[in-house]
Each structure stands twice: as structure tokens, then as C-alpha cells.
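This report describes a model in terms of its backbone features, its helix packing, its domains and its ligand surroundings. The sequence and the structure are shown first.

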Amino acid sequence: MNILLLGYGKMGKIIGEIAESRGHAIVGKINIDNRADLEKLDPASIDVAIEFSQPDAAVENISWAISRGIPVVSGTTGWLNRKPEVEALTLEKNTAFFYASNYSIGVNIFFKVNQFLASLMQGQHEYKASIEEIHHTEKKDAPSGTAITLAEGILAELKEVKSWELNQGQTTAADVLPITSKRIDPAPGTHIIRYQSEIDDIEIIHTAHSRKGFALGAVLVAEWIIGRKGIFSMNEFLSF
Ligand SMILES: NC(=O)C1=CN([C@@H]2O[C@H](COP(=O)(O)OP(=O)(O)OC[C@H]3O[C@@H](n4cnc5c(N)ncnc54)[C@H](OP(=O)(O)O)[C@@H]3O)[C@@H](O)[C@H]2O)C=CC1
Ligand SMILES: O=C(O)C1=N[C@H](C(=O)O)C[C@H](O)C1
């Protein structure tokens, strides 16, 4: 499989290594300073693009590939208000777009555990729910995309909670789910869900030990998406 890497930073580099170890070829490594190289590539020779760049570059990168009929696997966080645009372009060009805020299998199991726990907590009004996420200091967005997905899972189950907000320690209303973002090197990604009451606390934690799980997940999805058309997420990939 010929893979174009849109974004060749911390994630792009590990994805490239894992893809090559699985027998794939990397046909382009695109960063902010060599975007002009895109025009030297033959789109017909690219099987899939894997996009891990940065929030303000994601739509341009993804649209470049989709508009040439190249399926895209995207992991960039912090741009999802524009996801409908990308999805419409995907359908118009009859290609494929896959998005996940987190490609690690462990986190996707954690998403399910989070939603199940939230369903059990529905109606237990003495508990206050909160989320904490910890990442390295180079991270550009807050809260993390994973924390937002976790918050959406909780909001779907806890009827008394109406919205989430980025919070750095202030008291929040009972119907608001606070998300605290901490930036501590070299944390690859830790997410903690807490339900706290006067009597006890319940916590579930996912800790990534490296970026390998995110990168391997993205490569496995890139292998899976070949030949598919449409809009996909980890739910389809993992058959959850
Ligand atoms: N979904 C998931 O599982 C995961 C998602 N992520 C997300 O992936 C994204 C990338 O993370 P990470 O690799 O750690 O970040 P890095 O900052 O290490 O890498 C981002 C890369 O994108 C490049 N870039 C910036 N602008 C453009 C542009 N216009 N076109 C092409 N490339 C560009 C940067 O280039 P330059 O260095 O020249 O500025 C940099 O090399 C983040 O949004 C992060 O949150 C991260 C891990 C897992
Ligand atoms: O920027 C990162 O590093 C990560 N970003 C993703 C996110 O925002 O959730 C996934 C992972 O936690 C690492």
C-alpha cells in the first residue's frame, strides 16, 4: 500500500515506521515547509493518506486528498467544528473519510467502559462527574479530543448534565461537566473520569505509555479503509 503522510511530526514519524515495518511504502512526508511537494505527487499512485497535522491545517490537508479521490484517515484534534464540510466533500468525491479522536484500541475500550459507568451513575445525584486529561506541553489544543469524546459519552447518559466546559479548578454548576487539562512532559496521554461524593469516589483511568498504540491503530485503519467508500469511525472498524 502507498501511504501519504499529511503531517510528519511526532505522530507522522511513528506511523511511518510502523507502516514500513508492515510492508507499506511512504510516498510523501508533508509538513508546513514542504507543502509544495504535494503537487509533485501523482494522486493515482496514492492508496491512502494518513493525516496527523495540527488543528488549523487539518481541513486544508484532508481536502487536498479527498478532492483527488484519495481516502483519508485523520487523527488531528481541535478542528471538528468543520467536520461536516469534509464529510460533504467525501460524499461528493465518492471516496472515504475516517476520523477518530483516539486510534488506540485501549482508549476505545475505555470509551465503552466510560459510557457504561455513566449509565450506572444516571440518577445518583450525590456524585459530581468530572474529567481530567494530562498531555505533554507541546499539545496545541485543550481539552484533548479524547476528553471531548469521553464528555460526549457521559452527556449521552447523565440526563442531569447538559454541557461540558474547560475548567481549571473553579466550581461548576451541577449541570456542567468540568474538564481539567494539565500539560506535563512527557505524558503521551492520560484520561481520568471521576465521580466524587461526600461518601466515596469512583475513578477510571486510561494511561498511554507511548504513542505506539495511536500510531498502530491508524495504520490498521488505513489497511481496513482500502476499497471502502463513505464516512467511518472506530465503531465500524472495531464492530462495537
Ligand atoms: N487521534 C489520535 O489517536 C491522536 C491524535 N493526535 C493529534 O494529532 C495531531 C498531531 O500530533 P503530533 O504529531 O503529536 O504533533 P506535532 O506537532 O509533533 O506534529 C504536527 C506536524 O504537522 C505539521 N504541520 C503543521 N502545519 C501543517 C500543514 N499546513 N501541512 C502539513 N503539515 C503541517 C507540523 O509541521 P512543522 O513541524 O513544520 O510545524 C508538524 O510536523 C494533534 O492534533 C494531536 O492532538 C495525536 C496523537 C494521537
Ligand atoms: O496531542 C496528543 O498527543 C494526543 N492527542 C489526542 C487527543 O487530543 O485526544 C489523542 C492522544 O490523547 C494524544
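## Loops and backbone

Pro186 is placed in the loop between strand E8 (176-183) and strand E9 (190-196), where helices (H or I, at least four residues) and strands (E, at least two) are DSSP runs, numbered from the N terminus. The peptide bond that joins Asp185 to Pro186 is cis, with omega near 0°. This is a predicted model, in which local features need pLDDT of at least 70 and side-chain atom pairs count only at pLDDT 80 or more, while totals for chains, interfaces and linings use all residues. Residues are numbered from 1 along each chain as its sequence is written, and chains are lettered from A and ligands numbered from 1 in the order in which they are written.

A cis peptide bond also runs from Ala142 to Pro143, with omega near -5°, and Pro143 belongs to the loop between strand E6 (128-135) and H5. In the loop between H3 and strand E5 (96-99) lies Asn94, which has a positive phi of about 55° although it is not a glycine.

## Helix packing

The axes of helix H2 (residues 58-66) and helix H3 (residues 83-92) come within 10 Å and cross at roughly 5°; axes here are lines fitted to C-alpha atoms, for helices over the stretch in contact, and angles run from 0 to 180 degrees between N-to-C directions. H2 and H3 are therefore roughly parallel to each other, given that angles under 35 degrees count as roughly parallel, over 145 as roughly antiparallel, 65 to 115 as roughly perpendicular and the rest as oblique. On the H2 side the contact is made by Val59, Ile62, Ser63 and Ile66, and on the H3 side by Glu85, Val86, Leu89 and Thr90, two residues being in contact if their C-beta atoms, placed from the backbone, lie within 7 Å. By class, the contact of H2 with H3 has five nonpolar, two polar and one charged residues, where Ala, Val, Leu, Ile, Met, Phe, Trp, Tyr, Cys and Pro count as nonpolar, Asp, Glu, Lys and Arg as charged, and the others, Gly among them, as polar.

For helix H4 (residues 105-121) and helix H5 (residues 145-157), the axes come within 8 Å and cross at roughly 30°, and H4 and H5 are therefore roughly parallel to each other. The crossing of H4 and H5 is right-handed; a crossing is left-handed if the near helix is turned anticlockwise from the far one by less than a right angle, and right-handed if clockwise. Val107, Phe111, Asn114, Gln115, Ala118 and Ser119 of H4 make this contact with Thr146, Thr149, Leu150, Gly153, Ile154, Ala156 and Glu157 of H5, and the contact divides into six nonpolar, six polar and one charged residues. H1 and H6, in turn, pack at an angle of about 60° with their axes 9 Å apart, and are therefore oblique to each other. The crossing of H1 and H6 is right-handed, with Met11, Ile14, Ile15, Ile18 and Ala19 in H1 meeting Lys212, Phe214, Ala215, Leu216, Ala218 and Val219 in H6; this contact has ten nonpolar, no polar and one charged residues.

## Domains

The protein chain is divided into domain 1 (2-103 + 212-238) and domain 2 (105-207), with bounds that come from an automatic or database domain assignment. The C-alpha centres of domain 1 and domain 2 lie 28 Å apart, and ten residues of domain 1 are in contact with eleven residues of domain 2. On the side of domain 1 that touches domain 2, the elements that give two or more residues are helix H6 (212-225) and helix H7 (234-238), and the residues of that side divide into three nonpolar, seven polar and no charged.

## Ligand surroundings

There are 28 residues around ligand 1, of which Gly9, Lys10, Met11, Ala57 and Gly75 come nearest; a residue is near a molecule or strand if its C-beta atom, placed from the backbone, lies within 6 Å of it. Helix H1 (residues 10-21) gives the most to this shell, with three residues, and the shell has eleven nonpolar, 13 polar and four charged residues.

Around ligand 2 are Thr77, Ser101, Asn102, His135, Lys139, Ser144, Gly145, Thr146, Gly189 and Phe214, a shell with one nonpolar, eight polar and one charged residues. Domain 1 and domain 2 both give residues to the shell around ligand 2, so ligand 2 lies between them.
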